[in-house]
Amino acid sequence: MRSDHRPVTLLLLLLVSWNPNGVSAVGVNWGLDSSNPLPPSKVVNELLLPNGVTRVKLPDADPGVLQSLSGSGIGVIVGIRNDMLRNLSQSKKAAASWVHDNVTRYFSDNGAGSGPSGVRIEYIAVGDEPFLLSFGQQYHPYVLNAATNIGMALKAAKLSDRIKLIVPCSLDVYQTNSSLPSKAQFRPDLNKTMVDLLSFLSNHSSPFVLNMNPFSSFQHNKNLSLHFHLFQLSKPLTDGHSKYDNYFDLSIDSLVSSLSKAGFADMEIMVGRVGWPTDGALNATSANAQIFMQGLFDHLKAKAGSPLRPKRPPTEIYLFTLLDEDQFIITTGSFERHYGIFTFDGQAKYNMDLGQGSRPLNNVHEVKYLDQKWCVVNNNKDLSNVTASVSQACSSADCSSLSPGGSCSGIGWPVNVSYAFNNYFQANGQSQEGCDFNGLGLVTTVDPSVGDCRFVIGLRTSGSNSYYQRLAVLQRVVSLFAFAFLVVYS
């Protein structure tokens, strides 16, 4: 397997354990939307622990992942997906069942992961950006009741003093007629919902969790430069007595202003997501991701806070994300699948000079790939109808690197067809059917990679990982049926 990735000196090693003297603690998001997932045990033992990562944020309570974290000492945020909020809000029994199955059994002294071998769950994230503007109001009626029921279940399990409840929110929960933080306020359609949520968070001593997307902001906000988003020197933005020279502080203070106007000026803030993509769009590059990460950590290390909260940075910050995820939803852009600090196979993407000496970031070793073969288009066939086959491939496999500005956007036709075919072939375990495409596909043992466009080979371990995937899916299906039963009969 070809790899052009150099050793990395990333400052996860130092900053994940920061907390004293007003310095934010830093962790990573560990997403699971991959057709070729690494074994969870490898992620924990070869990426998280050797690189000093002390906190992870999970999108849901995947049993294989939680089992792998047992005994690691890593602080964990366990997520509840949005599609579960309605059932959890309508049934206390459903909430109690969820807490038992996904928290107590891994956390409690009586569970399978008891004592020092248990999972150190610190937060439960109720929903994932449930107030996102594009969702409309479909989740609004359920968030607070779901959080309340989960809180009651935690109290019954005697865990309410050890696990906090949070609700990750996107930046569009507030709005402003300009880029000025002083003008920001929560969206009018969220006024009552947000006040109720803030009261709940305040009563439970929980922080407000803000998910940032600086790359999307750069794409859509033409008033703020790339340099501004990358922590590079640029013309400051003046807002009264406050001056802003980076997107991070601007976002924090926009939230601070919104919280103040809602009557919760002192609420702590946690950043649930922040990062920079490396592919899938123009300016989504490893070089820019490196600049962004270096700027972020230099900013945090300075302990300056933001203009409206000097010397008081967010309590915790979670980088987005640990690994590339080729099945991540890309409604906001193809780049969403390329936020990983590591490639899908656990290899670091870029270097960072921290000025702290040169210690390389530990990569995953002894990666077990599938056979050295790829699927390409058969140029000896009639390709007049090949577009339908490409659509078939890209409907389930990842073709995001072919997007304008992506690493494979310039390879041309028909190599781009081969790229789509190969990704489908690898995602399907190199099965013979995975390279058929009505006879237009051809298996080759010659690496068709072109320049920076990498034609991947899937992971052999994905077969064993399918156990965890099937287990997780089965657990979700059973849980959903159980929730439905409990809602009807409780």
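This is a predicted model: local features need pLDDT of at least 70, side-chain atom pairs count only at pLDDT 80 or more; totals for chains, interfaces and linings use all residues.
Modeller: Some ground rules: local features need pLDDT of at least 70, side-chain atom pairs count only at pLDDT 80 or more, and totals for chains, interfaces and linings use all residues. Residues are numbered from 1 along each chain as its sequence is written, and side-chain values use heavy atoms, with hydrogens and water left out.

Biologist: Why are α5 and α6 called oblique to each other?

Modeller: Helix α5 (residues 92–107) and helix α6 (residues 143–156) pack at about 60 degrees, their axes 8 Å apart. Angles under 35 degrees count as roughly parallel, over 145 as roughly antiparallel, 65 to 115 as roughly perpendicular and the rest as oblique. The pair is therefore oblique.

Biologist: What makes the contact of α5 with α6, by class, nonpolar, polar or charged?

Modeller: Contact means heavy atoms within 4.5 Å. Residues making it include W98 and V99 of α5 and I150 and M152 of α6. By class, there are nine nonpolar, one polar and one charged residues.

Biologist: How do you know whether S217 counts as buried or exposed?

Modeller: Buried means under 20% relative accessible area, exposed over 50%, partly exposed in between (1.4 Å probe, protein chains only). S217 has 15% relative accessibility, so it counts as buried. S217 sits in helix α8 (residues 214–220) and touches H229 and Y247, not counting residues up to four places away in sequence.

Biologist: Which residues touch the most other members of the largest nonpolar core?

Modeller: L48, L69, W98 and F208 do, in a core of 115 residues. Helix α10 (residues 247–261) gives the most to this core, with seven residues.

Key: Axes are lines fitted to C-alpha atoms, for helices over the stretch in contact, and angles run from 0 to 180 degrees between N-to-C directions. Helices (H or I, at least four residues) and strands (E, at least two) are DSSP runs, numbered from the N terminus. Ala, Val, Leu, Ile, Met, Phe, Trp, Tyr, Cys and Pro count as nonpolar, Asp, Glu, Lys and Arg as charged, and the others, Gly among them, as polar. A nonpolar core is a set of buried Ala, Val, Leu, Ile, Met, Phe, Trp, Tyr and Cys residues joined through side-chain atoms within 4.5 Å.
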